[in-house]
Amino acid sequence: MAACIANSRSETSSTDPFTLDSSKCQTSTRCRTQLCRLNLSNLVSGKTSNWGGKKVSNSSKTTLHDEDEDGLWLKIQEEALHDSEQEPILFKYYYSSILSHVSLESALASHLAMKLSNAHIASDALVEVFLSVFHEDHEVRRAIRDDLKAVRERDPACISYVHCLLNFKGFLACQAHRVAHKLWSQGRAVTALLIQSRISEVFAVDIHPGAKIGRGILLDHATGIVIGETAVIGDNVTILHNVTLGGTGKVSGDRHPKIGDGVLIGAGTKVLGSIRIGEGAKIGAGSVVLKEVPPKTTAVGNPARLVEGNEKLVI
């Protein structure tokens, strides 16, 4: 470890301390990950650490953490360190995205801002917007963690929490929407709609900021999902790609579906109108649903019918 510290100090004199020289890649990355593990251990024990040249005490991260939240964030950091050891060329990416941050909220805000910024929308400005919402809303912070756990538990393609946090656009789109929805509820419609537009352009997911979404959400694959303004989605819902929760075009006001807890909506499904999909219901891929679906039933087809019989769904 002493040799690693010496090597690390000697490298800080270079323009970019995380430039990966192919002749030293394995050794230098091993040293850096050991130093990161030392800092991670200090955070757990409450000691003052040095992350990216800045003194950070364990108390400073509590502004965005609740009593049961540190475990998941530490797990994400551990996974980032492990991935960096497996793929040394990615160390700089994992450092800037995960290891240089003191909280999940900070890492997520930075990552979303990087994804959604462009030549005219500064990343720093978006970071401030995201962090302000994360800081003031405990329910948003709780939902972020529940969504991470939902993806990890329910999507077999998800290999780790850090993989979800950095790479799953359904998760990222959902968290950006949570910020947009908070702004919408505060009357900041212009900024909320701007974030919605960027989510649609970057992630191919179009969720109106007025839509209300619960916790433990899995947007699997996510491409082509459209959710209207007055839609309401309960907890622990799974929605696959190309799903539309839309209106019929015949009414204004409350015109979008209400999805109960634990519902599964298959790929390509269209649920139209202010109808309710009952708790625990399943909608088969490609279905068109125009009437209510009772709890704990399965509906398929166009128009959708209950699997148990040949009668059309009734209100």
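Asn242 is partly exposed, with a relative accessible area of 37%. On this scale, buried means under 20% relative accessible area, exposed means over 50%, and partly exposed is in between, using a 1.4 Å probe and protein chains only. Asn242 also has a positive phi of about 60 degrees, although it is not a glycine. You will find Asn242 in the loop between strand 8 (238-240) and strand 9 (244-246). Strands here are DSSP runs of E with at least two residues, helices are runs of H or I with at least four, and the numbering starts from the N terminus.

A word on the source. This is a predicted model, in which local features need pLDDT of at least 70 and side-chain atom pairs count only at pLDDT 80 or more, while totals for chains, interfaces and linings use all residues. Residues are numbered from 1 along each chain as its sequence is written, and side-chain values use heavy atoms, with hydrogens and water left out.

Now Ala222. Its phi is near 80 degrees, a positive value in a residue other than glycine. Ala222 sits in the loop between strand 5 (218-220) and strand 6 (226-227). Is Ala222 buried or exposed? Ala222 counts as buried, at 0% relative accessibility.

One more loop. Pro303 is placed between strand 16 (298-300) and strand 17 (305-306). The peptide bond that joins Asn302 and Pro303 is cis, with omega about -5 degrees.

Next, the sheet. Strands of a sheet pair through backbone hydrogen bonds, either parallel or antiparallel. In this model there is an open sheet of 4 strands in the order 4-7-10-13, with parallel pairing. Its edge strands, strand 4 (212-213) and strand 13 (276-277), each pair on one side only. Two strands count as paired if DSSP finds at least two bridges between them. Strand 7 (residues 232-233) and strand 10 (residues 258-259) run parallel and are joined by 2 bridges. Ile233 has Ile259, in strand 10, as its bridge partner.

On to helix 9, residues 169-185. It has 17 residues and reaches 24 Å from its first C-alpha to its last, close to the 24 Å expected at 1.5 Å a residue. The expected span is 1.5 Å times one less than the number of residues. How many residues of helix 9 are buried? The count is 12 of its 17 residues, and the helix is mostly covered. Among them are Phe171, Leu172, Cys174 and Val179. Cys174 has a relative accessibility of 2%. Just after helix 9, Gly187 takes a positive phi of about 85 degrees.

That brings us to the cysteines. A disulfide is a pair of cysteine sulfur atoms within 2.5 Å, and a search of the whole structure finds 0 of them. Cys158 is in no disulfide, and the nearest cysteine sulfur, that of Cys164, is 4.9 Å away. Cys158 is buried, with a relative accessible area of 3%.

A search of the whole structure finds 1 cavity of 30 Å³ or more. On a 1 Å grid over the protein atoms alone, a cavity is a set of points where a 1.4 Å probe fits but cannot get out, and lining residues have an atom within 4 Å of a point. The largest cavity has a volume of about 30 Å³, where volume is the space filled by probe spheres set on the points, joined across faces, edges and corners. Its lining is Leu116, Ile121, Leu126, Leu194, Ile195 and Arg198. Helix 10 (residues 189-203) gives the most to this lining, with 3 residues.

Note on methods. On a 1 Å grid over the protein atoms alone, a cavity is a set of points where a 1.4 Å probe fits but cannot get out, and a pocket is an open set with protein on both sides within 12 Å along at least five of seven lines; lining residues have an atom within 4 Å of a point.
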